[in-house]
Amino acid sequence: MSQEYVLSPARQLTDAEQALVWQKPSTHKASEEERRICAEVKRNWHRGEMKIANILLEGDAGSGKTQLAKALSANFGLPYTKVTCFADMDKSDIIGAILPVISSERLEKLEPADQAALKALYESDGFQSAAGVLTDALGIDPEQAAYKMKQLLKLAAENTDGEAVEYRFYPSEIVRAYQKGYVLEIQEPNVIRDAAVLMALNSALELDGSINLPTEIVRRHPDFIAVITTNRSYAGARPLNEALRDRVQHSEKMDLPTKEVMMERAMAKTGYRNERVLDILADTIIILDKTARANAIKGVAGMRSYFYWADAVAGGASVKQSLYPKVIYKITTDSEEIKLLEDALASHGLTASLEDIETQVKKNGILKS
């Protein structure tokens, strides 16, 4: 890892924390946004109120927001973790939960799945959040883990009647990152319905902020960096809360990169190096993206679609036929909207270009890398 942007070179991470520092794969290519953020954060890191520690990445799905958040972990030399927000989040999902430890006799009487979940929590070493423990132990997603935690709280309370009970506090992933000084990606906070949850998050994101837990007051670690990632025009999403946006010191609008960068990343990701084909595929993605935006079509033609389409073509798939399942149907399956996209490709000469590639493949195998 380059030391250029490391923020706290004297800090000693534990082995478990070091394992959370993202390692850039060979396919990673630094973007202008990555370089700009790193330079700004590094420049202001010791400037008090001018410090940049809350970052907003806003853009379409597949525009590289999470990849960039992870790259910041690698560049800054800090552990990376994330929390995925959902509509029904409550304050316990922000803070954590107090769970009674029920006796082994009562535990054995519970359903096997509940036994497994509670045992996993009781045996956890505190390094993972409660949601993280349940996600790993039960193979469920974070939203299901939050719901399961609430069920377990009720279940444990019902099984402690008349007993002297020990209680344990399980911090959330947010608290763990906040207290220990990690890069925390907060995905889609604009879907949260409860204003009280957003208020708790807003307060925590103050540079000198704190979180009031049932057991203590946790102060913001000086190395803690919040990276808020939100999608534009995402179903169920609201505009980002103004108070939350106001606490951000640096924002980036995440769009498709330049065509040259798209091709470079596709070559690195897929190993496919036919520049003429990648050039036409990139032009197609760019026109589809612009057309979808102009016509308020909610789907996205992004980098993920480009990678998978290029990879399919590299594997011998038809350029035109694979365009639909790899790209167009990810944008929309509405017939009228598909017609708009097809007309845009035709008017820019891309339909003819794709057909030309198909013709040459049949003649001399031009798609071979």
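Are Tyr306 and Phe307 buried or exposed? Both are buried in this predicted model. Their rings also form an aromatic pair. The count of such pairs comes to 3. In the pair of Tyr306 and Phe307, the ring centres lie 6.4 Å apart, with 35° between the planes. That geometry is classed as tilted, because stacked needs planes under 30 degrees apart and edge-to-face needs over 60.

Another ring has a charged neighbour. Lys51 sits over the face of Trp45. The distance to the ring centre is 4.1 Å.

Turn now to the strands. β1 covers residues 54-59 and pairs with β9. The two run in the parallel sense, joined over 5 bridges. Within this pairing, Ile55 stands opposite His250 of β9.

His250 also belongs to a pattern along β9, which spans residues 250-254. In a regular strand, side chains alternate between the two faces of the sheet.

Last, look at a loop. Ser129 lies between α6 (112-123) and α7 (130-138). Why does Ser129 count as buried? Its relative accessibility is 2%, and the cut-off for buried is under 20%. Which residues does Ser129 touch, leaving aside those up to four places away in sequence? They are Pro171, Ser172, Glu173 and Arg176. Gly96 and Ser129 are 33 residues apart along the chain, and 8.0 Å separates their C-alpha atoms.

Note on methods
Residues are numbered from 1 along each chain as its sequence is written. This is a predicted model: local features need pLDDT of at least 70, side-chain atom pairs count only at pLDDT 80 or more; totals for chains, interfaces and linings use all residues. Side-chain values use heavy atoms; hydrogens and water are left out. Helices (H or I, at least four residues) and strands (E, at least two) are DSSP runs, numbered from the N terminus. Buried means under 20% relative accessible area, exposed over 50%, partly exposed in between (1.4 Å probe, protein chains only). Contact means heavy atoms within 4.5 Å. Two strands pair if DSSP finds at least two bridges between them. Rings of Phe, Tyr and Trp (its six-membered ring) pair if their centres lie within 6.5 Å; planes under 30 degrees apart count as stacked, over 60 as edge-to-face and the rest as tilted. A charge sits over a ring if NZ of Lys or CZ of Arg is within 6 Å of the ring centre and within 35 degrees of the ring normal.
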